Amino acid sequence: MLAAPRPFNYNEPSARTPTRFAMKPFLYAAMAGYVIAAIHAVLSFVNKRRAAERITLYTAAFGFAAHTGAIIFDWARDGHYPLFSTTEALSFLAWTLVVAYGLVTYRYPLRALGAFLLPVVSLLVFASQFVSVNNVKDPSSVTGGSGSWLFPVHVTLLLFGYASFFVAFAASVMYLWQERELRLKKFSAVFHRLPSLTTVDDVASTAASVGFTLLTLGIVTGVIWSRARSVRMFHNDPTEFFALLTWVVYLALLHFRVQWRGRKAAWLGVGGFTLVLCTFVGAIVLGGFHVFR
Amino acid sequence: MSIVLVGLNHKTAPVEVRERLAFSDEACAEGLRSLVDGETVQEGLIVSTCNRVEILAASGGQRAPEAVGRLSQFLSSVRSVPVELFSGHLYTHADEAAVRHLFRVASSLDSMVVGEPQVLGQVRHAYSLAVEAGTAGRVLHKLVHHALRVAKRVRSETGIAASAVSVSFTAVELGRKIFGSLKGATVLLVGAGEMAELAAQHLAGAGAARVLVANRTYETAQRLADRFGGEAVEFDALEENLAQADIVICSTGARDFLITPEMAERAREARRNRPAFFIDISVPRNVDPAVARISNLFVFDVDDLEAVVASNIREREREAERAELIVESEVMQFQQALRDLDLGPTVGALKDKLRRIARDEFERQRGRLGPLTPEQEQAIEAMLMSTVNKISHPVIHRMRRSYDAGEEGEVQAWRDIFGLEPKEDERR
């Protein structure tokens with residue numbers, strides 16, 4: 001006899017006791033790798049050292065491998081896509097950031113990105129271990145029902161989108177920083193470590209358009225999933241509101257990018273990312289349907 | 001073995017003195033052969049560039065003061081310049097100081113423009129001349145190779161050569177900062193002038209695809225364009241050309257602004273907001289400073305460029321301080337390597353001798369010990385060797401200390417006590 005389907009209740013605490021400490025060594029190794037990579041990235045940024053750059057690459061690669069291992073183990077152990085709790089979401093977000101870092105540095109001469117991105121990655125992994133430890137949402141709340149396969153797709157797309165927006169944000173900051181120094185004609189030591197304006201502008205617009213595509217797909221899958229499961233398309237919570245606002249801002253950004261380029265586009269990149277932060281933090285602070293628990 | 005260096009450079013001697021002492025390649029080889037006598041001077045090397053003349057020599061034992069005298073005598077006789085004329089400009093360094101000086105020269109810390117790259121090649125060239133002349137021996141081999149390594153380390157670990165220190169290269173560097181690669185960029189040269197031409201040349205050298213030249217007289221433009229492989233354009237069509245140019249270099253004698261904000265704004269629109277870089281080297285200025293307020297347009301006038309150069313020079317000086325630390329640690333490493341090179345044979349001979357004595361004694365008494373198992377045999381061997389090491393260790397330690405203190409006599413005394421004959425190549 002199959003058990004009767006549970007009624008949907010996202011506030012109900014889980015009955016399962018999470019075995020969250022099982023695969024910790026992998027995550028700790030990843031954290032160590034990221035922290036070392038972050039320190040060396042900042043060092044090589046502030047104080048040109050080629051050796052430090054190499055260490056950054058190796059330790060970041062090591063951290064990434066360990067992190068991937070940790071996520072796969074979690075997945076295998078829990079038997080569901082590892083994206084339900086805030087812990088998992090933060091850790092996965094860090095993972096997508098590292099993926100973005102790898103892709104960008106492979107494609108562009110933008111080593112300086114590490115100095116912006118890797119500290120954030122380290123913090124995210126660190127933070128993921130300290131938030132809402134005793135609240136794990138029951139996966140069945142989202143794995144049940146029709147169209148449940150859409151949920152992981154929805155979340156993954158959005159997290160990768162956020163990572164792209166972060167890259168766009170970092171590149172925009174680099175743009176504004178340099179543009180300011182060029183205008184004032186006063187150059188700090190760091191100026192020489194930053195890639196050219198054209199490069200960061202290029203990275204910012206590419207990252208923004210990739211992020212926008214992912215955000216669009218993420219929102220669409222979310223809406224479809226929501227319809228399939230509870231007929232309602234929207235839940236009127238802060239996350240949905242901010243996500244739509246973000247979408248509009250990035251749409252404007254991509255639209256005007258061709259005309260504006262440079263400074264204005266960079267400010268939009270920064271503004272758009274602020275909204276992304278609101279979306280993510282708003283979900284946690286203001287509560288609502290989208291909270292990872 | 002001591003290393004001695006005698007020389008003068010742009011800081012100590014005026015060009016009139018330097019030019020009279022400079023060596024051509026042939027004179028260098030010839031001079032080296034007459035310098036090295038196998039007694040006071042065993043190895044020699046001459047670095048002669050427009051900024052410096054340095055003679056580096058390795059001499060045996062405690063002959064540094066003698067060698068210094070010989071080097072300045074040599075300089076005077078081989079260039080037929082009386083010693084009085086240059087002795088006031090001369091600096092002399094011995095041992096550690098000489099090593100440090102060579103490392104600093106090779107790393108371009110002693111150059112007129114700190115961080116300039118040519119001097120490394122000049123040191124390498126001087127070394128190859130000495131090798132050809134057969135005057136570079138084991139000490140100079142080691143020293144020069146070490147110096148080249150230090151220079152490489154300084155270059156890669158500090159930003160000593162990172163930023164441009166001339167106005168025209170600064171322009172190129174700023175262009176790179178804005179456009180990334182200059183490949184495919186279009187340069188518009190308005191007017192002519194030495195600095196503007198130089199900047200245009202550097203930009204073309206950095207890969208700029210097109211150079212447009214505008215001048216009030218079309219023939220001058222044509223002539224200039226031919227030199228850069230560029231195209232001459234009509235001076236009156238400035239605005240159309242602005243729309244094409246990524247980099248604009250202005251250097252005309254015009255009394256007022258040639259490029260107004262309105263013109264620049266229109267050009268920017270035509271360029272669909274792609275950034276443009278204006279270099280204004282003319283005085284009075286040709287580009288209205290208001291142009292700089294338009295976004296995506298960057299304007300640098302002469303003063304701005306000079307200020308960048310000045311700050312780059314300061315940056316180099318800051319980096320030079322870090323480079324000095326690297327040099328210092330490398331000097332210490334080299335001194336140690338040199339000591340091993342010098343004392344190595346003596347230390348080896350001492351150990352060999354003691355071991356031989358121990359083994360001989362063992363062999364003599366071997367018969368009385370009766371049959372021994374392999375383990376016992378090994379134990380005796382180990383016992384003998386550790387006894388030898390324990391006796392020789394303090395001796396070697398003292399020998400090294402005496403060597404570091406420059407007490408060659410002490411080292412010799414140890415050699416005499418143990419009856420060690422220095423090897424053939426050491427006695428030289």
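The largest nonpolar core of this predicted model holds 128 residues. A nonpolar core is a set of buried Ala, Val, Leu, Ile, Met, Phe, Trp, Tyr and Cys residues joined through C-beta atoms within 7 Å. A residue is buried if 20 or more other C-beta atoms lie within 10 Å of its own, exposed at 12 or fewer, and partly exposed in between, with C-beta atoms placed from the backbone. V187(B), L189(B), V248(B), I249(B) and F278(B) touch the most other members. Helix α6 (residues 150-184) of chain A supplies the largest share of this core, 19 residues. Helices (H or I, at least four residues) and strands (E, at least two) are DSSP runs, numbered from the N terminus. In soluble globular proteins, nonpolar side chains tend to be buried together.

F278(B) is in contact with V248(B), C250(B), I259(B), V287(B), V291(B), L297(B), F298(B) and V299(B), leaving aside neighbours within four places in sequence. Contact requires C-beta atoms, placed from the backbone, within 7 Å. Another core, of 58 residues, lies apart from the largest one. Its members include V53(B), V119(B), V139(B) and V154(B).

Residues are numbered from 1 along each chain as its sequence is written, while chains are lettered from A and ligands numbered from 1 in the order in which they are written. Because the model is predicted, local features need pLDDT of at least 70 and side-chain atom pairs count only at pLDDT 80 or more, whereas totals for chains, interfaces and linings use all residues.

Chain B contains 16 helices and ten strands. Of its 428 residues, 39% count as buried. Among contacts in chain B with a separation of 6 or more, 72% join residues 24 or more positions apart. An open sheet of four strands in chain B has the order β2-β3-β1-β4, with antiparallel pairing. Two strands pair if DSSP finds at least two bridges between them. The edges are β2 (43-48) and β4 (91-94) of chain B; each has a single partner strand, so one side of each is left without a neighbour in the sheet. Neighbouring strands are turned by 15 degrees against each other on average, direction ignored. Axes are lines fitted to C-alpha atoms, for helices over the stretch in contact, and angles run from 0 to 180 degrees between N-to-C directions.

Eight bridges join β1 (residues 2-9) to β3 (residues 52-59) of chain B, and the two run antiparallel. L8(B) has V53(B) as its bridge partner in β3(B). Helix α7 (residues 138-157) of chain B packs on the sheet and touches β1, β2 and β3 of chain B. The direction of α7 makes about 40 degrees with that of β2(B).

Chain A has nine helices and zero strands. Buried residues make up 45% of its 293 residues. Residues 24 or more positions apart account for 79% of the chain A contacts with a separation of 6 or more.

The contact between the chains takes 22 residues from chain B and 19 residues from chain A. On the chain B side, α7, α8 (167-179) and α13 (302-366) each give two or more residues. α13(B) gives the most, with five residues. This side divides into seven nonpolar, eight polar and seven charged residues. Ala, Val, Leu, Ile, Met, Phe, Trp, Tyr, Cys and Pro count as nonpolar, Asp, Glu, Lys and Arg as charged, and the others, Gly among them, as polar.

The model scores ipTM 0.72 and pTM 0.69. Chain B averages a pLDDT of 86, and 98% of the residues score at least 70. pLDDT is the predictor's confidence in each residue, from 0 to 100.

Notes
Contact = placed C-beta atoms within 7 Å.
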